[in-house]
There are 4 protein chains.
Amino acid sequence: MPTTIEDGDNVFIFLDVKRNWIRKVKAGAKFHSNKGIIEFDDIIGRPYGIKVESHSGTIFQIHRPSQNDIQISMGRATQIIYPKDAGTIVNEAGICAGSRVVEAGTGSGSLTWVLSRIVGSEGHVYTYEVREDMYNRAQKNLKRFADMDRITMYNKDVLDGIEERDVDAVVFDLATPWLAVKEAHVALKPSRFVVSYSPTIEQVMKTCKELGEEGKWGMVKTLEILERELMVREGKTRPPTWMVGHTGYITFARKLMV
Amino acid sequence: MPTTIEDGDNVFIFLDVKRNWIRKVKAGAKFHSNKGIIEFDDIIGRPYGIKVESHSGTIFQIHRPSQNDIQISMGRATQIIYPKDAGTIVNEAGICAGSRVVEAGTGSGSLTWVLSRIVGSEGHVYTYEVREDMYNRAQKNLKRFADMDRITMYNKDVLDGIEERDVDAVVFDLATPWLAVKEAHVALKPSRFVVSYSPTIEQVMKTCKELGEEGKWGMVKTLEILERELMVREGKTRPPTWMVGHTGYITFARKLMV
Amino acid sequence: MPTTIEDGDNVFIFLDVKRNWIRKVKAGAKFHSNKGIIEFDDIIGRPYGIKVESHSGTIFQIHRPSQNDIQISMGRATQIIYPKDAGTIVNEAGICAGSRVVEAGTGSGSLTWVLSRIVGSEGHVYTYEVREDMYNRAQKNLKRFADMDRITMYNKDVLDGIEERDVDAVVFDLATPWLAVKEAHVALKPSRFVVSYSPTIEQVMKTCKELGEEGKWGMVKTLEILERELMVREGKTRPPTWMVGHTGYITFARKLMV
Amino acid sequence: MPTTIEDGDNVFIFLDVKRNWIRKVKAGAKFHSNKGIIEFDDIIGRPYGIKVESHSGTIFQIHRPSQNDIQISMGRATQIIYPKDAGTIVNEAGICAGSRVVEAGTGSGSLTWVLSRIVGSEGHVYTYEVREDMYNRAQKNLKRFADMDRITMYNKDVLDGIEERDVDAVVFDLATPWLAVKEAHVALKPSRFVVSYSPTIEQVMKTCKELGEEGKWGMVKTLEILERELMVREGKTRPPTWMVGHTGYITFARKLMV
């Protein structure tokens with residue numbers, strides 16, 4: 001990837017934690033905010049990581065969008081799996097370069113995006129979404145940022161069956177994940193992980209109950225991840241007053257062979 | 001990777017959260033524990049994910065070791081970067097398939113292992129360790145589990161300079177990370193992340209102070225990750241009484257171009 | 001205390017967690033909100049704990065204000081020591097019925113209020129506030145709700161000296177608590193607690209450094225309290241998305257006799 | 001209370017967080033530990049808060065036992081309501097000097113002890129315990145430390161009815177608190193709090209369901225309290241590696257008048 005800002009690049013324009021944008025650079029066009037205007041021609045050809053001053057005197061940073069910047073941008077309109085949870089899903093399930101992963105539902109596509117980055121060109125992400133509006137929105141999001149060669153999108157209900165076999169991981173973000181657990185068992189390689197993300201405790205209880213049936217799953221475990229910032233400012237270091245107190249529980253289980 | 005247990009495989013033998021082992025399968029040999037003996041010949045040729053009964057009647061699960069199983073096993077003798085923190089480092093810094101990453105110090109090699117899995121065969125991990133005993137131990141750990149084509153190990157002090165240029169991320173787990181920040185700036189591509197993991201607040205304060213100098217770094221942020229289990233047992237669902245309350249703080253900053 | 005609502009009572013009018021008010025009941029007058037009007041004459045003489053319907057059809061609960069309702073109401077305009085922290089201060093320092101307690105600064109009076117309830121008619125709270133505006137505001141707050149026989153208010157700087165001797169506890173909520181630690185030692189009975197509440201880590205470090213000098217204090221300990229709600233709703237039980245991530249650190253130390 | 005150590009006093013002998021003892025001072029007798037012997041005659045007549053050296057050269061602090069020291073000592077053999085939770089129960093329910101409080105079950109008596117300190121000589125604690133062994137143990141604990149004039153102990157099942165009426169608060173630490181909720185409603189003054197402490201989520205769900213019936217209770221709320229230490233040591237300030245991750249959930253509700 002280039003380290004110089006080019007016409008057509010997506011750039012991350014950063015003022016502060018609440019005011020930042022991903023925009024496509026277009027020669028001759030401008031970025032408008034209530035903190036002033038930046039002309040794209042002023043940044044084309046310059047390196048990423050520069051500071052630029054808007055016409056009204058505010059300093060913005062121009063970055064190459066990070067994986068997280070893009071993930072978060074996809075969730076602005078809907079609920080997404082937060083970076084803190086995505087990191088734990090990937091890590092605990094051992095998803096890595098070359099993995100073949102099934103995901104359902106696609107939602108905004110934000111986790112699909114992360115998974116496609118991790119599995120790389122030698123792996124693949126198969127993602128199922130039953131709702132057509134979500135499917136279309138996710139496709140639009142992903143086409144903008146992701147390498148679509150690594151992604152297969154289905155506009156169908158994962159409860160009707162997973163097409164793939166011998167996959168390395170199955171990740172659910174579903175309203176009723178317990179109904180899909182049997183499908184995950186069929187699709188997975190032995191000893192690999194099904195992962196289920198759910199906001200409520202009742203969902204977790206039902207999923208764990210299903211996972212506990214018939215000795216089909218081992219090492220069932222449910223985690224929640226709390227991320228806390230430490231604001232390091234000279235003489236007044238402290239965590240922020242408000243933090244995200246809950247997103248969802250993440251349940252992991254490993255396929256047993258009976 | 002095969003889904004059948006073969007002679008020479010590393011297997012994960014699981015009894016419970018505290019009693020589990022990674023062992024190399026050897027035809028004709030036995031696994032011994034105080035819960036009985038398993039003969040490797042009884043599992044060779046069978047699929048991963050089976051349950052086997054020891055001679056004394058205890059049921060063990062035999063799994064393919066997951067990324068985390070291996071990461072944790074490397075840390076049994078020293079301190080490691082925990083999975084919860086490794087997941088956040090990888091995710092926030094946008095490390096993915098194809099990334100070229102510098103790490104210092106190598107420590108037990110547990111994070112090197114995780115990074116080598118994520119960057120894949122198209123990426124690379126360059127890891128620096130000043131202490132010879134640690135370097136040797138990490139090399140032994142990594143040779144057992146990792147694809148060494150993806151890893152370059154240096155037995156030298158990262159404060160003496162990073163050899164690489166235009167890398168996608170630099171990750172520090174050092175006693176004095178603030179002294180190494182300048183090296184990271186030289187090695188990184190513009191807009192990419194330096195990450196520093198430190199157990200104490202004084203280390204974080206010094207690192208953030210250095211990162212705040214001269215406008216060389218943007219979007220400085222320090223996080224801590226708390227992972228909490230929810231033990232879902234019918235009629236008695238609750239978090240466990242004890243949890244890990246602290247491992248380290250993780251500081252992120254993005255290279256600015258002055 | 002009466003269990004019937006009387007003319008002149010302070011009542012707690014509750015709609016939901018964000019919309020609730022403490023109001024003085026006045027015969028012939030009305031309570032106005034954007035969810036409708038309640039005539040005080042409709043509730044006078046009825047028991048506390050009733051539900052009443054406003055003219056526009058919204059149901060409100062009418063409660064006797066609890067200790068916490070009043071504490072929180074005092075803090076609406078300034079920062080207060082939160083209930084979660086007040087409970088820990090009282091409990092760890094062993095403040096109870098009959099205790100004589102020194103507090104500085106008074107702030108809004110919200111902790112003074114809590115302390116005056118706990119120490120009762122046989123104890124006493126001595127509270128110091130250097131700022132005249134705060135002193136006046138706290139006095140107004142306290143006169144409305146507290147039994148002033150139990151409270152002595154000083155509009156003076158606690159750094160100029162604590163008047164009292166042989167007190168059971170000293171509680172600081174000061175910008176520079178480390179400067180006041182010597183005064184606390186003079187005022188306290190042997191083996192009793194000084195407590196210091198501070199939002200920032202640098203304040204805590206300086207205070208603990210002062211407490212560590214010369215062997216004057218034992219069992220120095222710093223706590224932070226995280227309070228997390230569990231929203232129990234049938235089929236969708238979960239913690240709320242946002243929580244208070246930080247208020248302050250509370251440092252405790254016990255007076256040693258050299 | 002005296003500030004000089006007297007024959008017959010209970011003293012708190014402190015070495016560190018894990019090694020500390022409450023012992024009765026007895027002229028002519030000795031305190032034995034594996035860090036050496038202290039002769040009580042060497043401390044009688046001296047002030048609380050002193051440091052003394054054992055015969056083998058270890059320094060101990062001698063303190064007047066604090067409320068928490070005693071509370072924790074009562075729980076050494078059984079499970080207790082932790083100080084962090086006791087503080088929140090007292091504070092949220094507005095229990096203070098003069099309150100009349102019902103508690104069930106008594107358990108080890110550790111919460112009874114805290115409540116008796118808070119309600120003072122003008123209040124009272126009525127405590128119910130169905131198990132005779134627990135009742136006897138709690139009585140022994142309480143007779144050693146508490147003012148028994150403030151406490152009425154019943155060896156009976158609270159489900160068979162609460163004797164008291166018009167009490168200021170009811171606090172449950174029961175296996176099946178939802179069965180006792182009706183009794184609490186009868187015993188309480190209008191608008192006052194029932195409090196229920198339970199380790200498991202299923203208990204909380206059942207209790208909240210019962211509290212939600214028939215409009216008898218308002219402002220139902222469930223909290224959990226996480227207490228985290230910050231170990232402030234020069235150059236290595238950090239939270240401890242392990243913390244208590246869960247004790248119990250605390251549910252509060254306010255009596256409505258139908």
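Guide: Let's start with a term: two strands pair if DSSP finds at least two bridges between them. Strands (E, at least two residues) and helices (H or I, at least four) are DSSP runs, numbered from the N terminus.

Visitor: Before that, what kind of model is this?

Guide: This is a predicted model, where local features need pLDDT of at least 70, side-chain atom pairs count only at pLDDT 80 or more, and totals for chains, interfaces and linings use all residues. Residues are numbered from 1 along each chain as its sequence is written, while chains are lettered from A and ligands numbered from 1 in the order in which they are written.

Visitor: OK. What does strand β12 of chain A pair with?

Guide: With strand β12 of chain B, residues 217-229. The two run in the antiparallel sense, over seven bridges.

Visitor: And what stands opposite L226(A) there?

Guide: L226(B), in β12(B).

Visitor: What holds paired strands together in general?

Guide: Strands of a sheet pair through backbone hydrogen bonds, either parallel or antiparallel.

Visitor: How many residues of chains A and B are in contact?

Guide: 56 residues of chain A with 56 residues of chain B. In contact means that the C-beta atoms, placed from the backbone, lie within 7 Å.

Visitor: Which element of chain A gives the most to that side?

Guide: Strand β12 (residues 217-229), with eleven residues.

Visitor: How do the residues on that side of chain A divide?

Guide: Into 24 nonpolar, 18 polar and 14 charged. Nonpolar means Ala, Val, Leu, Ile, Met, Phe, Trp, Tyr, Cys and Pro; charged means Asp, Glu, Lys and Arg; the others, Gly among them, are polar.

Visitor: Now B and D. How many residues does that contact take?

Guide: It takes 17 from chain B and 17 from chain D. On the chain B side, β13(B) gives the most, with three residues. By class, that side has seven nonpolar, six polar and four charged residues.

Visitor: What does β13(B) pair with?

Guide: Strand β13 of chain D, residues 242-244. The pairing is antiparallel, over three bridges. W242(B) has V244(D) as its bridge partner.

Visitor: Switching to chain A by itself. How many helices and strands?

Guide: Chain A has six helices and 14 strands. Its C-alpha atoms fill a box of roughly 65 × 45 × 30 Å, taken along the principal axes.

Visitor: What share of chain A is buried?

Guide: 52% of its 258 residues. A residue is buried if 20 or more other C-beta atoms lie within 10 Å of its own, exposed if 12 or fewer, and partly exposed in between; C-beta atoms are placed from the backbone.

Visitor: Why is helix α3 of chain A called largely enclosed?

Guide: Because ten of its ten residues, 110-119, are buried. Among them are W113(A), R117(A) and V119(A). Just after α3(A), G120(A) takes a positive phi of about 70°.

Visitor: Which peptide bond in chain A is cis?

Guide: The one from A104(A) to G105(A), with omega near -10°. G105(A) is in the loop between β7 (100-104) and α3 of chain A.

Visitor: Over to chain D. How do helices α1 and α3 pack?

Guide: At an angle of about 160°, with their axes 8 Å apart. Axes are lines fitted to C-alpha atoms, for helices over the stretch in contact, and angles run from 0 to 180 degrees between N-to-C directions. So α1(D) is roughly antiparallel to α3(D); that word covers angles over 145 degrees, with under 35 roughly parallel, 65 to 115 roughly perpendicular and the rest oblique.

Visitor: Which residues of α1(D) and α3(D) meet?

Guide: Q67(D), I70(D), Q71(D) and M74(D) in α1(D) meet S110(D), W113(D), V114(D) and R117(D) in α3(D). They divide into four nonpolar, three polar and one charged.

Visitor: Last one. In what order do the strands of the open sheet in chain D run?

Guide: The order is β2-β1-β6-β5, four strands with antiparallel pairing. The edge strands are β2 (20-24) and β5 (50-53), each pairing on one side only. Strands β1(D) and β2(D) share five bridges.

Definitions and conventions. Contact = placed C-beta atoms within 7 Å.
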